[in-house]
Amino acid sequence: MTPAEYLTWEAEQPLKYEYFQGEVYAMTGGTLPHNDIAVNLTSALRGALRGTGCKVRMADAKVKISQQGPYFYPDIVVSCDDRDRTAMDAICYPVLIVEVLSPGTAGFDRGDKFKFYRRIPTLREYLLIDAEKVAIDCYRKGNSRRWELIAYPEDAADPENPVLELESINFSCSLEMVYEEVEVRGE
């Protein structure tokens, strides 16, 4: 399927589909912990970003890597670009992308998907949140354009009371808040 065929076809579908290398993949629902984590972080981001010119979207916001694709639906995406504020179909200039990991998609989220996300010039941080245990990987693009990994809670300033810091949007919150009322294994 070409990108144009995908966009036309998907607009008529009852489900969302990601587009990757000419193929489409149905987006299936995640677990309740997956959903709870996404809601917790989205709620905190929405309040913190109010009035800043940045906008947070979740789940149904498609991200376009290029005209030729791929097109992905991250769990959370933040853009501070005016062009995305008025976009109707897809976000093109995100500063932050968040994926809550599922066992079946974690490898793709860490590998090929991140490879494509890194092509977005405006992207500054990519957050991978484990839904089965308290663990967050934050990939941050540094001044040298290299991506650095900050692993929470290990790399937090205070690993006993870890605080997630997102430099791209000048935001911080406790990991406890991200996982609030979430039943996780491995603790």
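Trainee: In the hairpin of β1 and β2, which residue takes a positive phi?

Mentor: Q21, with phi near 50°, in a hairpin that has 2 residues between the strands. Strands here are DSSP runs (E, at least two residues) and helices are runs of H or I of at least four, numbered from the N terminus. This is a predicted model, where local features need pLDDT of at least 70, side-chain atom pairs count only at pLDDT 80 or more, and totals for chains, interfaces and linings use all residues. Residues are numbered from 1 along each chain as its sequence is written, and side-chain values use heavy atoms, with hydrogens and water left out.

Trainee: In which sense do β1 and β2 pair?

Mentor: Antiparallel, over 4 bridges, with β1 covering residues 17–20. Two strands pair if DSSP finds at least two bridges between them. Y19 stands opposite V24 in β2.

Trainee: Which element has the lowest mean pLDDT?

Mentor: Strand β2 (residues 23–26), at 90, while β6 (residues 76–79) has the highest, at 98. pLDDT is the predictor's confidence in each residue, from 0 to 100. The protein averages 93, and 99% of the residues score at least 70.

Trainee: On to cysteines. How many disulfides does the structure hold?

Mentor: The count is 1, taking a disulfide as a pair of cysteine sulfur atoms within 2.5 Å. C54 and C80 form that link, with their sulfurs 1.9 Å apart. The link is right-handed, with 105° about the S-S bond.

Trainee: What does the pair of C54 and C80 tie together?

Mentor: Parts that are 26 residues apart in sequence, because C54 lies in the loop between α2 (32–49) and β3 (55–58) and C80 in the loop between β6 and α3 (82–85). C54 is buried at 16% relative accessibility, whereas C80 is partly exposed at 32%. Buried means under 20% relative accessible area, exposed over 50%, partly exposed in between (1.4 Å probe, protein chains only).

Trainee: Is C173 buried or exposed?

Mentor: Buried, at 9% relative accessibility.

Trainee: New topic: where is V163?

Mentor: V163 is in strand β11 (residues 163–166) and is partly exposed, at 33%. Leaving out residues up to four places away in sequence, V163 touches Y152, A156, S172, C173, S174 and L175. Contact means heavy atoms within 4.5 Å.
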